[in-house]
Amino acid sequence: MDTKELLKKVRKIEIKTRRLSDHIFGGEYHSTFKGRGMTFSEVRQYQFGDDVRNIDWNVTARYNEPFVKVFEEERELTMMLMVDVSGSELFGTTNQFKKEVVTEISATLAFSALQNNDKVGLILFSDEVELFIPPKKGKSHVLRIIRELLEFTPKSSETNIAEALKFLTNVMKKKAIVFVLSDFIADTYDNTLRIVGNKHDVTGIRVYDAKEESIPNLGMVQMQDAETGRLQLVNTKSKRVRNAYGMFHKEKVEYFQDTFTKSGCGVIHCRVDESYVKKLLGYFKRRG
């Protein structure tokens with residue numbers, strides 16, 4: 001992709017997702033992910049109904065009448081986008097690949113954070129961490145993230161979610177809002193997710209294509225594993241083969257749902273031909 005074409009794509013995504021984040025997600029994002037805690041702001045005279053635990057005894061003694069401490073919500077947050085760039089993200093049978101939907105969702109979330117003056121960082125992962133952009137504020141930083149999502153070429157086509165989560169715990173010492181975007185055709189990340197979920201506010205966004213859920217009866221078909229590149233002749237006439245494939249996919253989805261839920265993390269399922277706007281908005285509203 002040349003620079004001109006890339007900038008055109010970035011601009012197109014910015015216009016589409018910025019409008020969404022400005023008009024729809026700004027307020028929802030703010031109310032869903034409140035600040036880390038409360039910071040001391042000022043003291044004022046005690047009023048009926050104030051919490052007596054907030055009385056500032058030093059000031060009260062000095063002026064011989066009760067004063068209370070006033071606290072403000074600590075608003076500044078850090079959002080980390082963890083995006084799966086493995087081979088299976090290039091699958092798509094409708095008008096969009098999973099990768100394109102993931103990019104749009106990531107951009108919408110990043111602009112929502114920008115609107116709230118929060119920091120945004122990015123981790124692109126396959127079976128290793130391919131790219132880490134530390135959290136920063138500002139529009140130019142968000143546009144850089146979108147550029148990477150559009151043009152980054154991973155070294156590996158396989159997936160290891162646990163490895164990416166371990167990296168997150170090493171680089172993020174303070175609590176962050178974490179969105180993990182993947183098709184989650186993976187497992188063995190439950191223990192790592194439990195640790196991450198205890199420290200951070202984590203949401204898994206599963207982006208998938210309906211055609212991945214089952215194989216139609218097409219006779220003998222040569223298929224390629226998007227992650228390993230291995231070619232294989234598959235007899236799709238066989239009911240046993242079709243059932244085994246459907247069961248494999250079902251198990252991965254159930255593992256994702258159970259693992260995230262048990263770890264106290266949020267879950268969003270988004271099919272490529274569905275409106276991710278409705279999915280995100282519904283999730284924010286349920287949590288808000």
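Tutor: Begin in helix H4 (residues 139–151), which holds both Glu 148 and Arg 144, 4 residues apart, or about one turn of the helix. Helices here are DSSP runs of H or I with at least four residues, strands are E runs of at least two, and both are numbered from the N terminus. This is a predicted model, where local features need pLDDT of at least 70 and side-chain atom pairs count only at pLDDT 80 or more, while totals for chains, interfaces and linings use all residues. Residues are numbered from 1 along each chain as its sequence is written, and side-chain values use heavy atoms, with hydrogens and water left out.

Student: What links Glu 148 with Arg 144?

Tutor: A salt bridge means a side-chain nitrogen of Lys or Arg within 4 Å of a carboxyl oxygen of Asp or Glu. In this pair the closest N and O atoms are 4.0 Å apart.

Student: Is Glu 148 buried or exposed?

Tutor: Buried means under 20% relative accessible area, exposed means over 50%, and partly exposed lies in between (1.4 Å probe, protein chains only). Glu 148 has 17% relative accessibility, so it counts as buried. Arg 144 is partly exposed at 34%.

Student: How many salt bridges does a search of the whole structure find?

Tutor: The search finds 13. One of them joins the side chains of Lys 16 and Glu 104, at 3.0 Å from N to O. Lys 16 sits in helix H1 and Glu 104 in helix H3 (residues 98–115), so this pair ties together parts 88 residues apart in sequence. Lys 16 is partly exposed at 39% relative accessible area. Glu 104 is buried at 10%.

Student: Which residue forms a salt bridge with Lys 250?

Tutor: Glu 254 does, with the closest N and O atoms 2.9 Å apart. Both lie in helix H7 (residues 239–262), 4 residues apart, so about one helical turn separates them. Salt bridges that share partners also join Arg 11, Glu 14, Arg 18 and Lys 139 into one network.

Student: What does the side chain of Arg 206 contact?

Tutor: A polar contact is a pair of N or O atoms within 3.5 Å; within protein, one must be able to donate a hydrogen and the other to accept it, and residues adjacent in sequence count only if both atoms are side-chain atoms. The Arg 206 side chain makes such a contact with the side chain of His 269, at 2.9 Å. Arg 206 is in strand S7 (residues 201–208). Its relative accessibility is 4%, so Arg 206 counts as buried.
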